[in-house]
Amino acid sequence: MNELMALFLSMALINNFILSKFLGLCPFFGVSKKLKSAVSMGMAVLLVMVAASVVSWLLYSYLLEPFGVAYMATVIFILVIASLVQIMELAIRRTNIQLYNALGIYLPLITTNCAVLGVTFINVREGFTLVETLVSAVGAGVGFTLVLAMMSGIRERLEIADVPVSFKGMPVAFLVAMLLGISFLAFGGMV
Amino acid sequence: MSVIENLKKGIMKSNPVLVLLLGLCPALAVSTSLDNAIGMTAAVMFVLINANLIVSIIRKWTPDRVRIPVFIVIIASLVTIVDLTIQAFSPDLSKSLGIFLPLIVVNCIILGRAEAFASKNSITDSLADALGMGLGFGLALLIISFFRQLLGTGTLELFGQTLLEVPGLLDNPMAIFILPMGAFLVMACLLAFLRYMGVIANE
């Protein structure tokens with residue numbers, strides 16, 4: 001149990017996907033202007049990450065590896081993610097229209113989010129078991145959502161801040177990311 | 001637009017990393033040394049040029065509704081080729097680029113150029129576009145990794161040869177530049193500098 005907890009903390013905080021692994025930077029800078037949309041995006045990523053991790057782990061362990069075609073992983077994983085995103089979009093639209101209105105526009109963007117494909121690769125490369133895969137996917141998704149939400153809160157304030165003209169917008173967002181990264185270094189001693 | 005214009009626009013005016021802010025993940029993650037930057041650029045350029053070429057060739061026969069999945073499969077196959085080739089011929093490079101090698105699949109530059117340019121333009125134009133975008137990506141990576149390697153380690157190395165050593169920095173390098181945060185810092189200063197100089201527009 002302790003090891004799983006350590007894995008969760010490591011994925012969510014210590015080796016945070018955005019701040020220390022550089023995965024999912026596009027939505028991090030693109031969708032972090034409003035707190036509400038950042039949280040929705042984070043939730044959508046979390047959902048897809050967990051589903052994609054489990055499905056791709058099962059396919060890799062029971063299909064690709066036994067038949068010696070592990071080199072097909074890149075093609076298979078991206079297809080799994082693309083089709084999962086489609087299925088989830090349809091499913092959410094049928095069952096919960098409110099959730100669809102909140103997450104709908106973010107779902108198609110997730111196909112090309114490297115955080116999702118990244119977590120599926122990390123799971124098989126590290127040789128995780130199914131339970132570990134599940135924990136690492138949830139940890140990665142929670143960490144992603146957390147940092148995205150923090151970033152959007154800061155950027156809402158930055159809108160009204162007096163920033164030098166050359167730094168307005170993206171450059172100052174990169175500086176904020178750097179400071180967030182430094183503060184996340186403190187989690188390094190936790191595990 | 002002429003071939004030359006298509007080639008030129010990717011390098012500065014719509015540089016994928018510095019202006020369009022696409023493909024940030026690999027650009028920031030592997031820019032810890034010049035070697036990595038060059039390796040990554042070569043891999044991305046191979047995929048980008050071939051993807052644009054193939055997409056442009058088949059653009060008239062690709063049904064509109066399934067074009068994105070078709071592009072993704074083409075790109076994923078090309079990435080698999082690059083990944084296996086680098087694993088075979090340069091295991092060290094493969095190790096240091098790590099997970100970012102297979103992740104070229106989801107590099108927004110490649111899918112973006114296939115969808116926005118190659119699916120609508122002739123083969124020559126698409127090739128010029130891919131070459132320009134690839135060079136622009138490489139230029140941005142080289143600039144970022146130049147500062148990160150120089151300030152973070154005090155030396156500048158290229159393929160095992162030392163190009164430059166800064167005496168004071170060598171003993172006390174500014175380690176933050178090698179850490180992930182350093183990439184954000186360099187990127188922030190670089191963007192602000194380019195804006196200040198008027199190379200790219202202010203917001």
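The axes of α3(B) and helix α7 (residues 123–153) of chain B come within 9 Å and cross at roughly 165 degrees. Axes here are lines fitted to C-alpha atoms, for helices over the stretch in contact, and angles run from 0 to 180 degrees between N-to-C directions. The angle makes α3(B) roughly antiparallel to α7(B), a word applied to angles over 145 degrees, while those under 35 count as roughly parallel, 65 to 115 as roughly perpendicular and the rest as oblique. The crossing of α3(B) with α7(B) is right-handed; that is, the near helix is turned clockwise from the far one by less than a right angle, anticlockwise being left-handed. By class, the contact of α3(B) with α7(B) has 18 nonpolar, nine polar and one charged residues. Ala, Val, Leu, Ile, Met, Phe, Trp, Tyr, Cys and Pro count as nonpolar, Asp, Glu, Lys and Arg as charged, and the others, Gly among them, as polar. Two residues are in contact if their C-beta atoms, placed from the backbone, lie within 7 Å.

This is a predicted model, in which local features need pLDDT of at least 70 and side-chain atom pairs count only at pLDDT 80 or more, whereas totals for chains, interfaces and linings use all residues. Residues are numbered from 1 along each chain as its sequence is written, and chains are lettered from A and ligands numbered from 1 in the order in which they are written. Helices (H or I, at least four residues) and strands (E, at least two) are DSSP runs, numbered from the N terminus.

Helix α3 of chain B covers residues 34–57. Its 24 residues reach 34 Å from the first C-alpha to the last, close to the 34 Å expected at 1.5 Å a residue; the expected span is 1.5 Å times one less than the number of residues. Because 17 of the 24 residues of α3(B) are buried, this helix is largely enclosed by the rest of the structure. A residue is buried if 20 or more other C-beta atoms lie within 10 Å of its own, exposed if 12 or fewer, and partly exposed in between. I54(B) belongs to α3 of chain B and is buried, with 20 other C-beta atoms within 10 Å. Its C-alpha atom is separated by 8.6 Å from that of A118(B), 64 residues apart along the chain.

Another helix of chain B, α4(B), has 23 residues and reaches 33 Å from its first C-alpha to its last, close to the 33 Å expected at 1.5 Å a residue. Its buried residues include F71(B), I75(B), V82(B) and D83(B). The buried residues of α4(B) pack against α3, α5 (91–97) and α6 of chain B, and also against α4 (73–95) of chain A.

The contact between the chains takes 33 residues from chain B and 32 residues from chain A. On the side of chain B that touches chain A, α2 (24–29), α4 (67–89), α6 (108–118) and α9 (180–196) of chain B each supply at least two residues. The largest share, ten residues, comes from α9(B). The residues of this side of chain B divide into 27 nonpolar, three polar and three charged.

N107(B) lies in the loop between α5 and α6 of chain B and counts as buried, with 29 C-beta neighbours inside 10 Å. Leaving aside its neighbours within four places in sequence, N107(B) is in contact with G23(B), P26(B) and V44(B). L21(B) is found in the loop between α1 (3–11) and α2 of chain B, and its phi is near 55 degrees, a positive value in a residue other than glycine. Most residues other than glycine have a negative phi. L21(B) is buried, with 20 other C-beta atoms within 10 Å.

In chain A, F22(A) lies in the loop between α1 (2–14) and α2 (25–30). Its phi is likewise positive, near 55 degrees, and F22(A) counts as buried with 25 C-beta neighbours inside 10 Å. V85(A), in helix α4 of chain A, is buried, with 23 other C-beta atoms within 10 Å. Not counting residues up to four places away in sequence, V85(A) touches V48(A), L107(A), P108(A), I110(A) and T111(A).

Chain A also has a helix pair to examine. The axes of helix α7 (residues 114–125) and helix α8 (residues 130–158) of chain A come within 10 Å and cross at roughly 150 degrees. The two are therefore roughly antiparallel to each other, and their crossing is right-handed.
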